[in-house]
Amino acid sequence: MDSLPPHMRPERSFQGLILALQRYWADYGCVILQPYDMEVGAGTFHPATTLRALGPRPWKAAYVQPSRRPKDGRYGENPNRLQHYYQFQVIIKPSPPDLQELYLKSLTAIGIDSHLHDIRFVEDDWESPTLGAWGLGWECWCDGMEVSQFTYFQQVAGVECAPVAGELTYGLERLAVYLQGVDRIMDLNFNGRDGADRVSYRDVFLQAEQEYSRHNFEYADTAMLFEQFRMAEEACRKYLEAGWNNGGNRKEHLMALPAYDQCIKASHVFNLLDARGVISVTERQSYIMRVRELAKACGEAWVHTEAGGAATLSFPQGEGK
Amino acid sequence: MPDLLLELFSEEIPARMQAKAAEDLRRMVTDRLVAEGLVYEGARAFATPRRLALTVHGIPARQSDLKEERKGPRVGGPEAAIAGFLKATGLASLDQAKIQRDPKKGDFYIALIEKPGRATLDVLADMLPVIIRTFPWPKSMRWGERSGRPGALQWVRPLHAIVATFGMETEEPEVVKFAIDGIEAGQTTYGHRFMAPAPIGVRRFADYEAKLQAAKVVLDAQARKNIILADAKQLAFAQGFELIEDQALLDEVAGLVEWPVVFMGSFEKEFLSIPSEVIRATIRTNLKCFVVRQPASPLPAGERSAARVSATAGEGALANKFVLTANIEASDGGKTIVAGNERVIRARLSDAKFFYESDLKTKLEDRLPKFDGIVFHEKLGTQGERIERIERLAAEIAPLVGADVEKTRRAARLAKADLLTEVVGEFPELQGLMGKYYALAQGEDASVAAASEEHYKPQGPNDRVPTDPVSVAVALADKIDTLVGFWAIDEKPTGSKDPYALRRAALGVIRLIVENRLRIHWSRLLRDEAIRIQQQQWEDSSLLDELLDLPATGVDVESIRNALSNAAAESGLRIGLRVSSDLLSFFADRLKVQLREQGARHDLVDAVFALEGQDDLLMVVRRVEALGEFLDTDDGKNLLAGTKRANNILAIEEKRDKRTFDGAPIPALYSLAEEKALADAIDLARVEASVAVMNEDFAVAMSAIAKLRPAVDAFFDKVKVNDDEPKVRENRLKLLNEIRSVTRAVADFSKIQD
């Protein structure tokens, strides 16, 4: 790290932080993926986590995922809340025995010295009702601030994880705010340069926060969104249905990924409708259930694909869809 | 005798689970030892974030040998029975069995089985893996490569190492040899995660505890708590403040560190403009830090005005300081840690201040329309409808509890409005309290504002009961609406299931009534509330509209509408009556629980509720109290015995004759002086008791009835009830019935147990 020029250093530059994490996890052996090209609420939704966490095959990946939480928008005025932010996601299956040490070393790699700071693992049981997923783990605290989530997945998309994957999620803006010693996310130095060359988080994202907050809370076309939800749900089911391929007495699925895209879509559309305040409390539950049903069906399909480890599963005679 | 040392070293165990886990470990191991015939001298268990540890000392090195006689089949018994006997006892042939003579039943075989005791080390090696595999964590998990296989070990978080040694204090102990999912028990543990991560070899508890201490791990949670509390107090005191103690937080914090290092930090004074409870909740919930206050003694005027006066009388105002507990002696002495925590607290307090100030911009009543879009319960309509009902019911109750009706209405309307504020969204535990702050800020009457906080009370048996009449009216209305609502849709608590905390609500109603000495007849109030809920649901349902949309021409729409709404009203009334009577008996049950906890007899509650029309709960309590006192006297006991005797005779004769003996006895048929005397005594007692009951003086009523005692005793002494002359017999039975009826002025004595 000492060899890095100042503008590349993780404690000076937002992108420097991302690059340092990518370098660290690449060096460990993860495939460094790019963000998934759809709107999602968290890095977990990326099929590289949700689907790859399932099945017996080993998997190590890391990536940045832009995450959208329409309800969290504050028109760029709240120092700590955004409707669009970045997560850095690491997923390793099976979870290695030294995952905590690996994580702590990654903190060292971005300039957090564990002899100088107070780093703590505080209970946080993770659950995603929309994904039909849960796991046990912690919030990782650095001097009282939650900088990451650490989860051992037990179940995803309604399927037991066997073996269990370890998931690390770094909240990049929070981490950067801490490393750079600023009080507002918007004040972050994005590119690590000074003077006229300096680009701040504000320069990149303030307008977007304002525009999207307006959109999410006031103008998002609800009639269209309701229709989109319905369409995504229908398409997901259609693709799942069409994907089953009964070869001999083994069942195989050929379209889990495209079906899952529609599940992601439905989830995001639901979040938008929720932000617009047009979904009542009881309806809310039922929408969450509907997305979960899609996610579970996608998980079921995925474990019958090649990458989902179908070849290692055997199916009893007579089991059919 | 030898000692056992066991340590289970894992990734961070949730703080809230540690104490129980240590206790479970102690209980499971020692129970198992005792079951194996190994009686130990003592045991202590410990927990830190990363380990459970147990020491059991004074365990015998071996089990004692067991000698057991087992009875077998009779001599010459069936072959199958003999074969089974040999197999079960491990005897090679019948020659090894003894024969027991029994001249009555016949001789039979006896096997003498000798079971040599096992070495404790082996017993431990068998039992410890079972205990670990069946450990009762509230939630446990799988991890790593083995998690893909069936039967993989589950633990609260990944388990990394096991120490298990057994031996005498003076000797090198032996390792208890076992392995679970690839983790082999041994003698190696690890110190503090950052300050002493190297492996440590341990032999027995004494050196284990000392080596951990040297490796920056305080094993005993109580010792960690003592350190944190003492240091926190000291830090606060040194700067002229007072620590606000918080046991639950202390327990939690001690479960988050192996090596507590306490620091004090500060935040900007401007944040003290936020209500102190919000500051405290922010700092406690988000950072697990303590807050401190100014000492209760008066401060110099300048400082005093800077700090907001705390809501709690007699306490000093909150100071702009906090106390944090780190888990490390940092290389810079903690400067970075304190600065980091201060920044996080600043960010969180900015959020809180932002929320609080933006909450203040909206008047509470302007938030109400939103409740129309929030479902309270699928079958009970929206929060908006609920608030309307509570307002109406509170206004009805207000005059009965001496509250101003208009203030009560206003209070009920605003009481829930803070649920939609940002601060309560962040910190649900501040509901009600924030409502009070916001109400005061918008200039509401003090009683109206207080009701926002108070109407949730009492929350449990130890919570304070509100006394301001406005708060009392709203608190009752809130709870009654909840109870009636869930009764109307038949969602009552069953067994251990009470998801809507209805038992707590009922107990709250009882305490509000009893402690405020409120006289209210509940039947009609409960019934009307149930009818209102039905009505609302009926109006909400689209059934009527759908029916009226029928394109059936020629149908008299108006008459259908009337018929339907009459039917609805009728069923509403029926349900209302059912709910009202069901709920009253639920109150009776809760009252029984409540009185029993206070030492009263639950059968007395039954005896009072068995009377007609007991819907004034305060009077029920008074009757029960008077009855209890009465039954403690000799007169009471004897009268109870006499009444019971009368009851028993009546029960038998009523059964025999298949009739009751109601109606007044005929004085002309009295042939004995004792009969006449009893009749006179009953007449007198009846008059005196009913006057006393009318005056609600139950003690006087009881003593009026107590005067019956000599007459009842004399009657049973001298009078034969079942006279040969049927008319006399009937008359005497009617007289007995009179005893029963006159005692019912205060209670149904037949429900009282001896």
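In this predicted model, the axes of helix α23 (residues 634-657) of chain B and helix α26 (residues 709-718) of chain B come within 9 Å and cross at roughly 45 degrees. An angle under 35 degrees would count as roughly parallel, and 65 to 115 as roughly perpendicular; α23(B) and α26(B) are therefore oblique to each other. Their crossing is left-handed. On the α23(B) side, the contact is made by D634(B), D635(B), N638(B), L639(B), G642(B), R645(B), A646(B) and I649(B). The residues that α26(B) contributes are R709(B), V712(B) and F716(B).

In chain A, helix α1 spans residues 14-28. Its 15 residues reach 22 Å from the first C-alpha to the last, close to the 21 Å expected at 1.5 Å a residue. The N-terminal end of α1(A) is capped by S13(A), with a side-chain oxygen 3.4 Å from the backbone nitrogen of Q15(A). After α1(A) comes G29(A), which has a positive phi, near 120 degrees. Buried residues of α1(A) include G16(A), A20(A), Q22(A), Y24(A) and W25(A).

From α1(A), F14(A), L17(A), I18(A) and L21(A) meet L172(A), E173(A), L175(A), A176(A), L179(A) and Q180(A) of α4(A). F14(A), L17(A), I18(A) and L21(A) are also among the buried residues of α1(A). In an α-helix there are 3.6 residues a turn, so residues three or four places apart point the same way.

Note on methods. Residues numbered from 1 in each chain as written. Chains lettered and ligands numbered in written order. Predicted model: local features only at pLDDT ≥ 70, side-chain atom pairs only at ≥ 80, totals over all residues. Heavy atoms only, no water. Helix = DSSP H or I, 4+ residues; strand = E, 2+ residues; numbered from the N terminus. Expected span 1.5 Å × (residues − 1). Buried < 20%, exposed > 50% of the residue type's maximum accessible area, 1.4 Å probe, protein only. Polar contact = N/O pair within 3.5 Å; in protein donor to acceptor, adjacent residues only side chain to side chain. Axes fitted to C-alpha atoms, helices over the stretch in contact; angles between N-to-C directions. Parallel < 35°, antiparallel > 145°, perpendicular 65-115°, else oblique. Left-handed = near helix turned anticlockwise from the far one by under 90°. Contact = heavy atoms within 4.5 Å.
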